[in-house]
Amino acid sequence: MKIAYFDCSFGAAGDMLVAACLDAGASLTTLEEQLAGLHLPLGSYRLVQNAVNRCSLRATKFDVQLLNHVHSPGASGSGSESSHRGAPGDRPSRDGHDHDHGHAHGHDHEHGHSHSEGHGHEHGHSHDHSRDEEGHSDQQRSLQEILALIANSNLSSEVKELASKIFSRLGLAESQVHGVAVDQIHFHEVGAIDAIVDIVGFAIVYHQLGIKAAYVSALPLGGGTVKTMHGVFPVPGPAVLNLLKEADAPTRAFDVNYECLTPTGAAILTTISQGWGQHPAFSRIESVGYGAGTINPDKHPNVVRLIVGQAVQSVQPSSSTTNASTGAVYRSEVIAVLETNLDDCSPQVLAHALERLIEEGALDVAIVPQTMKKGRPGHKLSVVAKQEDSLRLQELILSETTSLGVRCYFCERIVLERNFQEICLGEGPPVRIKIGRDLNGRIVNFHPEYDDVVENARSTQRTLKEVLLQSLTLAASQVGGEAENEK
């Protein structure tokens with residue numbers, strides 16, 4: 001299966017994500033051809049793809065140039081700035097971290113916002129679109145209008161589905177910001193042609209690359225404030241925060257004085273991500289793409305890095321029959337392994353940390369004695385976790401132990417499908433038998449559940465060894481007999 005990892009260490013915006021996919025091998029020509037099926041006004045925009053350098057790194061810059069719109073920030077009377085102070089040569093009509101907030105129905109129809117003075121550059125563009133006699137902008141669109149535009153297009157069903165999900169997620173976040181129902185949301189900048197092209201265009205190039213599952217890094221938010229027609233807001237904006245909250249997406253500290261993650265970027269990433277944190281395990285990397293933002297800082301490359309490749313395949317033992325549909329005997333999954341060495345942590349603290357890690361979702365926790373530097377006795381704390389839980393559990397280790405750093409790596413494991421079957425021992429409560437099966441349903445392992453054995457031993461005043469032996473004997477005749485019949 002082809003999977004992808006979006007490394008957004010320095011931020012993300014809609015056009016940067018499209019650019020990363022183009023740089024990884026998607027075709028601009030195909031993108032243009034498929035976007036024509038969206039039936040946007042003829043000759044209203046032009047797509048531009050350029051090679052640029054970001055902190056000495058070659059990357060792709062993607063722009064949507066609006067052809068039939070007048071960029072006149074002062075005409076609308078909105079009072080928001082629309083000047084752009086990016087790197088020399090940047091086009092003022094487009095920015096690497098585009099702003100595309102939706103606003104509730106009934107708000108003023110002017111739109112456009114930029115970062116406050118002193119940030120060194122501004123992320124924003126304002127379009128004074130033509131208005132009808134009542135003063136309504138021709139670029140104000142309700143969520144339902146945008147979804148209908150997508151549904152009535154000639155796009156493939158999978159592109160329609162992804163683009164609609166992204167818009168719906170963004171619409172829900174905006175409705176929460178403004179305290180109104182989703183069907184009352186009327187988008188302004190998100191309704192503009194360039195933002196529609198960003199979201200639908202991403203869905204097109206994403207499926208062009210054949211990606212079946214995507215994983216995303218922890219997301220930086222940036223700092224400072226952003227000017228909008230509704231006033232000055234701190235970064236991150238409220239819509240971005242709602243999107244991250246609903247997706248349980250992790251963030252990372254990044255000390256810059258501008259917005260790193262835009263609403264469109266957040267909506268796309270929270271829609272496609274099936275796991276957060278470090279990159280998953282690839283059996284083979286097929287392509288790497290870099291999507292550039294507009295600004296070009298001296299100390300970091302303002303890019304989204306995209307890694308596309310094949311997922312680690314399930315292990316297939318030659319001695320067993322295989323599942324006809326998948327060719328695999330055991331289910332394979334990628335998990336995170338977290339480790340830290342401790343030589344100054346008390347046993348009480350370690351025991352409590354183990355309990356907390358299990359409570360917070362760790363799949364397994366082990367504490368192994370070891371001899372450390374200077375001959376000190378110490379322990380290695382090792383945690384197995386789901387990928388999406390890795391960052392949260394690393395933070396828990398740092399807070400609950402004396403560790404100053406946690407190692408994290410991803411690896412594959414194969415697992416049996418598990419279920420329980422109760423057996424009665426004649427006296428005392430029943431004991432559950434945990435049964436492990438392969439993907440063909442064949443029983444590979446079974447064993448009494450320890451807590452049930454303890455409860456039975458206490459209630460019957462027998463030894464644990466006696467109850468365990470009886471449980472294994474009965475399980476062998478009942479569950480083991482079932483396994484023999486399957487053969």
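Author: What follows describes the sheet and then its helices. This is a predicted model, in which local features need pLDDT of at least 70, side-chain atom pairs count only at pLDDT 80 or more, and totals for chains, interfaces and linings use all residues. Residues are numbered from 1 along each chain as its sequence is written, and side-chain values use heavy atoms, with hydrogens and water left out.

The open sheet has four strands in the order β16-β17-β15-β18, with antiparallel pairing. Helices (H or I, at least four residues) and strands (E, at least two) are DSSP runs, numbered from the N terminus. Two strands pair if DSSP finds at least two bridges between them. At the edges are β16 (364–371) and β18 (407–415), each of which pairs on one side only. From one strand to the next, the twist averages 30°; angles run from 0 to 180 degrees between N-to-C directions, and axes are lines fitted to C-alpha atoms, for helices over the stretch in contact.

Eight bridges join β15 (residues 331–342) and β17 (residues 377–386) in the antiparallel sense. Ala 336 stands opposite Ala 385 in β17.

Helix α8 (residues 347–359) packs on this sheet and touches β15, β16 and β17, where contact means heavy atoms within 4.5 Å. The direction of α8 makes about 155° with that of β16. Helix α9 (residues 390–400) lies across β15, β17 and β18. Relative to β15, α9 runs at about 20°.
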